[in-house]
Amino acid sequence: MTIAVVIFSNDYENSGRLAFAMALGNIYYPLATYNMRTIQVSDLTNEYSSGQYIAFRFFTVFAGVIPVLIYLFLTSPITSFSTCLAWLLFKADEAFCSVFYAIEQRALRMDYIGISQGVRGVICIGLFIVLLSFGLTLPLALIGISICCILITWLFDFRAASQFESVIPTINLSTIGELAVKFFPAVVTLVCYGSVVSIIRQKFGIAYGDAELGKYAAIATPTVLVQVAASYLYNPLLVNAAKCWSERDYRKFQQFVIRTLLAICFIGAVAILMSELIGKSVLLLVYGSSIESSVYLLSPALFATVVTTLFAFSFDILTVMRHLNIALIANVCSLLVAFVGCGILFVIYGANGINIAVVVSFGIGLLICLIDLSVTFHKVKRTNGE
């Protein structure tokens, strides 16, 4: 989408506004999902029904908008308002659809998730390009693809999930309150996680303008492929990992964690090597000579993405283990480091300060997660006499 915006715009202003909106969406999404995807998938004892999870998702999608709108009006430049509001509509559908994905994942039918995301990707990118090419503004184009995604959610995902469990919402205020209180650390964890990159990018955009942020966003767009590839690697296996943990098969659980961490590092190393070999040529081919001065940001952005993915996987595992407080501490520390340190890094390193701030912030959080995992595995080995 960022690439399309750059191609159909005369400068990088719209790309910067979209990056700003995406950063805001990273704060809204965890509030809208309440970080329940991993919890729902790993609920092997059916502590809560799918109907209860769906009813709770209705509540969080609408309730999550309120603090985000307040944050928007307090911090965002007025030129980005309409784009941010349109992007929030898009993210609201994505957040709601996730509850159906969790049902399909529990049933080990992630093929339905793949079909849904494939159809969304093709139709939305195609429609987005068509709308921009006909001269529609960025906010209107985002509203158009949001409507398209909402139709896919209810015409396909709703029906697909209904094959495995009841998808009729079970509205119970006491259950909604119980879920909100019980898993509050989980949502704060994900809000902090999403806010790290959002705050870093927003601070950079406010300090240096939409155009500079737009250039960085254009460079950073391909790095998302690394995160997506890694998530597709381990997300299908989270159900089995939760089963191993629940059944106290700690050896298999530990093997899964270590192998996944190594696989993410391998994928990242290959991506960085490819960026060094052909990254500049590809970026110049896509964006033209206007991006040449920022090409040096690609490899550091990929490294920052690898650290981000390692951290995301680590606290996902802590969530499966129900070590919610440790995951919360790790993410709060990451957010504090980002908030305090990114401004200094911008002054010293310019746009590359975004990458360095992400690496340092998430690196500290990753270290906390790895220490907890190491201590836990050591205790398990000692208890089992290994």
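R248 is exposed, with a relative accessible area of 62%. Exposed means over 50% relative accessible area, buried under 20%, and partly exposed in between, with a 1.4 Å probe and protein chains only. R248 sits in the loop between helix 13 (238–246) and helix 14 (250–287). Its phi is near 60 degrees, a positive value in a residue other than glycine.

This is a predicted model: local features need pLDDT of at least 70, side-chain atom pairs count only at pLDDT 80 or more, and totals for chains, interfaces and linings use all residues. Residues are numbered from 1 along each chain as its sequence is written, and side-chain values use heavy atoms, with hydrogens and water left out.

R322 also has a positive phi, about 65 degrees, and is not a glycine. R322 lies in the loop between helix 15 (298–320) and helix 16 (324–349). R322 counts as partly exposed, because its relative accessibility is 36%.

Now consider the chain as a whole. The protein chain has 17 helices and zero strands. Its radius of gyration is 21 Å, close to the 21 Å that the globule rule gives for 386 residues, so the chain is as compact as a globular protein of that length. The radius is taken over C-alpha atoms, and the rule is 2.2 Å times the number of residues to the power 0.38. Helices (H or I, at least four residues) and strands (E, at least two) are DSSP runs, numbered from the N terminus. Along its principal axes, the C-alpha trace spans about 60 × 45 × 35 Å.

Of the 386 residues, 52% count as buried. Contact means heavy atoms within 4.5 Å. Among contacts between residues at least 6 apart in sequence, 83% join residues at least 24 apart.

Among the buried residues of helix 11 are D210, K215 and Y216. Alanines are on the list too, including A217, A218 and A220.

Q105 belongs to helix 6 (residues 81–106). Q105 is buried, with a relative accessible area of 2%. Leaving aside residues up to four places away in sequence, Q105 touches R37, V41, M110, I113, N235, P236, L238 and V239.
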